[in-house]
Amino acid sequence: MWFLLYPHPRREVTEALVRRAEEAGCSALVVTADSPRFGRRTRDLRNGFDDLPPGCAAENMRDLPGAPPGALTDIPMHPAASWRDFAETVGMTSLPVWVKGVLHPADARLAVEHGAAGVIVSNHGGRQCDTAAASLDCLPAVVDAVAGAVPVLLDGGVRRGGDVAVALALGAAAVGVGRPVLWGLAAKGAAGVREVLRTLLDEYDHTLALCGGRRNTDLSADMVVRGDAAW
């Protein structure tokens, strides 16, 4: 279980969240780097969805430093966050600290230089910036920039097992799966989640076999043809 950490403008709040993640048994922290402010999500604006519904709360934001007992702390974005802040977060804990939301190879190198245990290539599902590049298009350059110093994961756009195979072929160590899991949960509860994950694994095994492989490492970048490129 990893904890997704949005850096708070007040360092003491960030550190309190880190302590809570440790105490909850999380094995890693993932710092979100692509949210200096909320995305402009047209459908949410149109539907007036700008907060959690009544009766729902982000419970991990309750009883944090600077708030009255039992009160919730807002989750503000942190536009002034820097790589120095990231390095301070790394220094707060013995847990590995990953950085999520990297698309540019220069940022991947900076992440490694500032102590990241791994890099997650992600465009936040396309919900932060309409003109952001697809995660998969950015993956090869990030893998090259990291040069094996830390693992690189891909997040975003994974809908079928074949998507997993392409990401691994282009250098990802693993992929993140978000929306398909939520769809399975909405349709059939826990059984739906299991069905989605089983389907992804079956599709991946099928694709791997059709690529002539028996293990993840049998996939390679020369198996992927992009755009008008040819072998």
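**Briefing: aromatic pairs, surface patches and positive phi angles**

A147 sits in the loop between α5 and β5 (152-155). The model is predicted. Two aromatic pairs are counted in it. Its surface carries a positive patch that includes R127 and a nonpolar patch that includes W183.

- A147 is not a glycine, yet its phi is positive, at about 55 degrees.
- A147 is exposed, with a relative accessible area of 63%.
- D63 is also a residue other than glycine with a positive phi, near 60 degrees.
- The loop between α2 (42-46) and α3 holds D63.
- D63 counts as partly exposed because its relative accessibility is 43%, which falls between the 20% limit for buried and the 50% limit for exposed.

**Aromatic pairs**

- The count of aromatic pairs is two.
- W2 and W98 form a tilted pair, with 5.0 Å centre to centre and 35 degrees between the planes.
- W2 belongs to strand β1 (residues 2-5) and W98 to strand β3 (residues 97-102), so this pair ties together parts that are 96 residues apart in sequence.
- W2 is partly exposed, at 41% relative accessible area, whereas W98 is buried, at 8%.
- W83 and F86 make an edge-to-face pair, because their ring planes stand at 80 degrees, with the centres 5.7 Å apart.
- Both W83 and F86 lie in helix α3 (residues 83-91), and they are three residues apart, so about one helical turn separates them.
- W83 is partly exposed, with a relative accessible area of 23%.
- F86 counts as buried, at 5% relative accessibility.

**Positive surface patch**

- R127 is placed in the loop between β4 (118-122) and α5 (135-146).
- R127 counts as partly exposed, at 37% relative accessibility.

**Nonpolar surface patch**

- L182, W183 and L185 make a nonpolar surface patch of about 350 Å².
- W183 lies in helix α7 (residues 179-210).
- W183 is exposed, because its relative accessible area is 52% and the cut-off for exposed is over 50%.

How values were computed:
Residues are numbered from 1 along each chain as its sequence is written. This is a predicted model: local features need pLDDT of at least 70, side-chain atom pairs count only at pLDDT 80 or more; totals for chains, interfaces and linings use all residues. Side-chain values use heavy atoms; hydrogens and water are left out. Patches are made of residues with over 30% relative accessible area and no salt bridge: like charges are joined within 9 Å, nonpolar side chains (Val, Leu, Ile, Met, Phe, Trp, Tyr) within 5 Å. Accessible areas come from the Shrake-Rupley method with a 1.4 Å probe; for residues, only the protein chains shown count as cover. A salt bridge is a side-chain nitrogen of Lys or Arg within 4 Å of a carboxyl oxygen of Asp or Glu. Lys and Arg count as positive and Asp and Glu as negative; His and the chain ends are not counted. The place of a charge is taken as NZ of Lys, CZ of Arg, CG of Asp or CD of Glu. Helices (H or I, at least four residues) and strands (E, at least two) are DSSP runs, numbered from the N terminus. Buried means under 20% relative accessible area, exposed over 50%, partly exposed in between (1.4 Å probe, protein chains only). Rings of Phe, Tyr and Trp (its six-membered ring) pair if their centres lie within 6.5 Å; planes under 30 degrees apart count as stacked, over 60 as edge-to-face and the rest as tilted.
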